[in-house]
Amino acid sequence: MDHSYYRDRLSAYFDGELPAGEQREIKLHLGECRECRELLDKMAGLDRLVSEHGDLPDDGYWEQSARRIEAQLDRDQDESVTDTRERTTWQGLRWKLAAAAASIAVLTFIAVHRGDILWNESQETPSITIHSPGIPALKPEIPADVSPRETKKQEGVQVSSGGTQADEQHDVELSPRLHAPTVSEPADLVAQPETVAITPAEWVPDLKLTAKPKAAATPDIPAVENELLTDHDYIAGMDLPEKAATAHDRDTVELARWRYIRDSLVALTEPRQLPKAARTVAAESREGLDSTEVNITMRLIEAYCHIALLTDDENEYHQATDFLQETATGRTSLSEQAKVCLKQLEGRFE
Amino acid sequence: MGKRIREEKQALSVNQSEVNSAEQRLVEAAQNGDKKAFGRLIRRHQKMLFRFVYGLLGSFDATEDIVQEAFVKAYGALGSFRTDSAFYPWLSTIARNSAYNHISREERKESLDRLQEKGYDPQATELGPLERLLDDEAQVRFMKAVKALPARYRSVFVLRHFEQMDYGRIADYLKIPPGTVDSRLYRARRMLVESLKDLL
């Protein structure tokens with residue numbers, strides 16, 4: 001066959017894309033054709049060149065590019081929210097117009113049929129019962145100056161409960177109107193409707209959660225992007241809330257997260273004390289993310305500050321404050337941040 | 001005989017399950033609204049996607065736009081992504097769809113007659129902002145040589161060498177017969193071999 005027949009198939013031969021018969025034919029031809037062998041070698045060289053020079057190098061450009069894309073995502077999301085709001089506003093306006101039209105119609109109807117409506121109001125009004133667990137049965141006292149029509153309306157609302165005064169103190173969700181000093185319990189006015197019994201034991205746990213004092217305020221320290229952790233670290237961090245969720249306690253989850261971040265950052269600052277695997281992670285993080293000592297320290301301040309606010313372990317607290325005090329006494333730009341945090345911690349464990 | 005590509009594929013498959021598992025977690029987190037997880041997916045794949053799109057288009061600005069558009073579209077469509085499949089092929093398909101019209105326009109504009117008039121001249125080719133990102137002279141020369149290829153040859157070369165696609169997939173991708181993939185790739189390689197012979 002013509003030499004060009006074989007030469008034109010060298011590329012497909014190189015890629016192993018020819019049928020088996022043709023592959024064999026080309027192989028035989030290569031044994032006797034120097035020109036084709038040289039071309040095949042050059043194709044192999046080109047393949048090496050792609051491997052050596054085809055990849056784009058690491059550069060600050062990629063981080064900028066990623067941030068540009070993230071900013072675009074944020075803008076798109078904002079626009080989407082604005083669009084939704086605009087639609088909601090217009091939809092809301094339409095409902096308001098419809099409601100106004102309906103109100104006018106109702107008022108017109110009332111004006112025309114006022115006599116009939118007044119007669120109907122003198123009939124018995126069905127009562128509404130609210131069952132409230134844990135609260136003594138209460139009946140709002142009717143002030144003397146309330147008109148008969150208002151009296152009927154108030155009588156329609158009856159509150160019943162089998163709880164005690166002590167239970168009442170736990171209540172943080174139920175309406176404060178029920179505890180007003182003007183309320184009394186005239187026995188003849190207390191209704192006895194059928195109620196579904198709810199024992200305090202069933203609802204106290206909920207109240208405990210609701211009534212729990214809020215955690216100390218998070219210090220106003222600028223958050224540093226979580227760039228210092230590798231994807232592997234980040235994924236491991238994602239599992240923490242799941243693990244801590246069994247505690248049903250947001251502070252526990254938060255504390256676990258900050259401990260995790262602290263440990264990862266400490267690992268970055270002390271690579272020599274770590275086993276090989278951890279050293280590799282630390283080295284990769286530094287090389288790949290171009291992190292600096294300042295960034296790590298800044299993030300550590302944040303982590304230690306949260307830990308000191310959340311932990312019940314006095315030793316852990318002192319470990320955190322030692323770091324913060326050391327940083328605060330330094331002359332770096334970060335000392336102010338450490339001072340801000342220490343100020344927020346004043347009074348803990350003293 | 002494509003040995004290097006096969007070796008690379010084998011090496012990739014060793015840690016593939018680990019990589020997939022980590023990636024799956026990031027995708028799931030992003031689907032649940034974790035923007036930082038999506039940010040990590042951007043940082044994982046943007047360079048590879050950029051190289052792929054740049055190889056197809058040969059224009060830095062157009063590549064930046066299409067890569068950004070691909071990530072934005074991917075984020076919007078994350079809900080429909082099945083986490084048991086790989087993220088990058090899905091992402092590159094989105095980018096490809098965006099780039100496809102651009103390629104078609106470029107190929108239509110570039111007749112073979114015009115190519116013969118212009119000639120293949122990598123040295124006269126400007127890389128623009130991309131040049132700042134490149135490490136050394138050899139890399140600059142290589143990228144210029146690829147960029148200077150006629151679009152119809154370049155797209156086949158990039159899909160084969162940067163995306164490791166076989167001929168059948170390239171044919172499906174570019175909607176051309178497999179025989180045309182073969183002939184275009186052969187010509188692309190001949191041109192590059194000629195242009196870069198002192199580096200080979």
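Helices here are DSSP runs of type H or I with at least four residues, strands are E runs of at least two, and both are numbered from the N terminus. The model is predicted.

**Chain B as a whole**

Select chain B and colour by secondary structure. Followed from the N terminus, the elements of the chain read α-α-α-α-α-α-α-α-α-α-α.

Next, colour chain B by relative accessibility. Of its 200 residues, 50% are buried.

For the contact pattern, consider pairs in chain B with a separation of 6 or more. Residues 24 or more positions apart supply 61% of these contacts.

**Tyr54(B)**

Select residues 35-57 of chain B, which form helix H3, and pick out Tyr54(B) within that helix. Tyr54(B) has 3% relative accessibility and therefore counts as buried, the cut-off being under 20%.

Now show what surrounds this side chain. Leaving out residues up to four places away in sequence, Tyr54(B) touches Ser59(B), Phe60(B), Thr63(B), Leu127(B), Leu130(B), Met143(B) and Lys147(B). Draw a C-alpha to C-alpha distance from Tyr54(B) to Met143(B): the value is 9.9 Å, for two residues 89 apart in sequence.

**Glu316(A)**

Move to chain A and select residues 314-329, helix H14, where Glu316(A) is found. Is Glu316(A) buried or exposed? Its relative accessibility is 8%, so Glu316(A) counts as buried.

Finally, display the contacts of Glu316(A). Beyond residues up to four places away in sequence, Glu316(A) touches Arg259(A), Arg262(A), Ile307(A) and Thr311(A).

Technical notes:
Residues are numbered from 1 along each chain as its sequence is written. Chains are lettered from A and ligands numbered from 1 in the order in which they are written. This is a predicted model: local features need pLDDT of at least 70, side-chain atom pairs count only at pLDDT 80 or more; totals for chains, interfaces and linings use all residues. Side-chain values use heavy atoms; hydrogens and water are left out. Buried means under 20% relative accessible area, exposed over 50%, partly exposed in between (1.4 Å probe, protein chains only). Contact means heavy atoms within 4.5 Å.
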